Amino acid sequence: MDREYKLNIIMNICEDNIIFQGIEDSLNRLGHHIVTINYPITNTIKDLEFQKSLEEKIKDESIDLFFSINYYPYIAMLCNKLNLQYYAWTVDAPHLPLFSPTIHYETNHIYIFDLNTFNILKQMGVKTISYLPLATNTEKTSKLEITPEDKFMYSHDITFIGSLYNNNFYNDIKYLPIEFKEKINMIIEKQINTKEHVMDDLIDKDFVSEFKKYVKYDLGDYFIPDDIMVKSAFIGPKIAEIERVVILDLLGRYYDTHIYTGSKIIEDLPITYHSYIDFDQTMPKIFKLSKINLNITKRSISTGLPLRIFDIMGAGGFLITNYQSEMLEYFVPDEDFVLYESLQDLKLKAKYYLEHGDERERIAKNGFEKIKKYHTFDIRFKEIFKDFTK
């Protein structure tokens, strides 16, 4: 566009508290006016009460566009009805509502952080999508004030912040034949012990066909391919559950290992549990003060970089992560972050970097500077709204 518009943007503050504050701060810094509504989203497909509340708010305010974290079909329907531009940026992958027929509305502008998901939808003829990696709020983390109490509370050797996925749909399956369970266990074991994302190849048409004999699910009017449904809703979360427990058990046996999670506690894991903390104020301090921060990507994210990666590096934390192909497009291993390629490799690298603080601090500093230069919310929103016209 020829000039930068200062936009009136409506957002729902209950969408995703992990990321909302950083986004609101960024949009305010860029001079946009944010109109917020506070309504818990409990149904991604249809919520008549929310639609009514939103429609009244839009009519009362001079709104240029609606922005949401993740994509919601009923918001798309309302915006299409009112001819209001709808901008959405996904933080989950695959985000199943992306396979709603509403995605084709011309009022949609949907940004997807996982390149594989973007390519799948593009090949299916969806024209309202763009690829855009996630980001973080370095304006805030640059001004972190670390107190002596913070150092006492959060100076851990190894930290993981995230779900253990022990409440997943796979665990609710009533029956699978022993032979088929063994096949699934083989897939899980191979994925956990393989650097590359092999789940996509192992869950083929024959596997999906057999899986559907025993597990029924209703897609409604969503056009989700069955292989994506099986991987993202069932096998992927189960792999995440087992992989995270295996890794935390391995590291906890040797090092001071902490988890911040809302998941159910596993009693015999040799780690220290903490409940979820304030994501805006406390989480960056934990990332900054922990010697090693782990990223263990949920396997339904095929290529993209989860928000955790940007939040760790953007807080000046030292990151060790599993392999994600997009990571190498933006960052340099052993310069900006450290990559582990197997469980044994992770164990050895954890030991090495716990013993070599100077190298650890150098890598963390490089990672922070690269995030600050290329991967902030301010940079992303300039990209998102660059073609907006009133």
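F169 makes contact with A233 and F234, leaving aside residues up to four places away in sequence. Keep in mind that this is a predicted model.

**Around F169**

- You'll find F169 in the loop that runs between β7 (158-161) and α7 (178-192).
- F169 counts as exposed, because its relative accessible area is 54%, and exposed means over 50%.
- F169 and L250 sit 81 residues apart along the chain, and 26 Å separates their C-alpha atoms.

**The nonpolar cores**

- As a bit of background, nonpolar side chains in soluble globular proteins tend to be buried together.
- Here, the largest nonpolar core is made up of 76 residues.
- L54, I75, Y86, F207, F211, I235 and L294 are the ones with the most contacts inside that core.
- Helix α10 (residues 226-252) is the top contributor to this core, giving 10 residues.
- Take I235: leaving out residues up to four places away in sequence, I235 touches Y170, I184, M199, I203, F207, F211 and V230.
- There's also a second, separate core of 50 residues, with M11, L289, L339 and F385 among its members.

**Helices α2 and α3**

- Two packed helices are described by the angle between their axes and the distance between the axes.
- For helix α2 (residues 48-60) and helix α3 (residues 73-82), the axes come within 10 Å and cross at roughly 40 degrees.
- α2 and α3 are therefore oblique to each other.
- The crossing of α2 past α3 is right-handed.
- On the α2 side, the contact uses F50, Q51, L54, E55 and I58, while α3 brings Y74, I75, M77, L78, K81 and L82.
- Sorted by class, the contact of α2 with α3 has eight nonpolar residues, one polar and two charged.
- L54 and I75 turn up in this contact, and both are on the list of residues with the most contacts inside the largest nonpolar core.

**Helices α10 and α14**

- α10 packs against helix α14 (residues 343-355) at an angle of about 40 degrees, and their axes are 10 Å apart.
- That angle makes α10 oblique to α14.
- α10 passes α14 in a right-handed crossing.
- From α10, V246, I247, L250 and L251 meet L343, L346, K347 and A350 of α14.
- The contact of α10 with α14 splits into seven nonpolar residues, no polar ones and one charged.

Note on methods. Residues numbered from 1 in each chain as written. Predicted model: local features only at pLDDT ≥ 70, side-chain atom pairs only at ≥ 80, totals over all residues. Heavy atoms only, no water. Axes fitted to C-alpha atoms, helices over the stretch in contact; angles between N-to-C directions. Helix = DSSP H or I, 4+ residues; strand = E, 2+ residues; numbered from the N terminus. Parallel < 35°, antiparallel > 145°, perpendicular 65-115°, else oblique. Left-handed = near helix turned anticlockwise from the far one by under 90°. Contact = heavy atoms within 4.5 Å. Nonpolar A, V, L, I, M, F, W, Y, C, P; charged D, E, K, R; others polar. Core = buried A, V, L, I, M, F, W, Y, C linked by side-chain atoms within 4.5 Å. Buried < 20%, exposed > 50% of the residue type's maximum accessible area, 1.4 Å probe, protein only.
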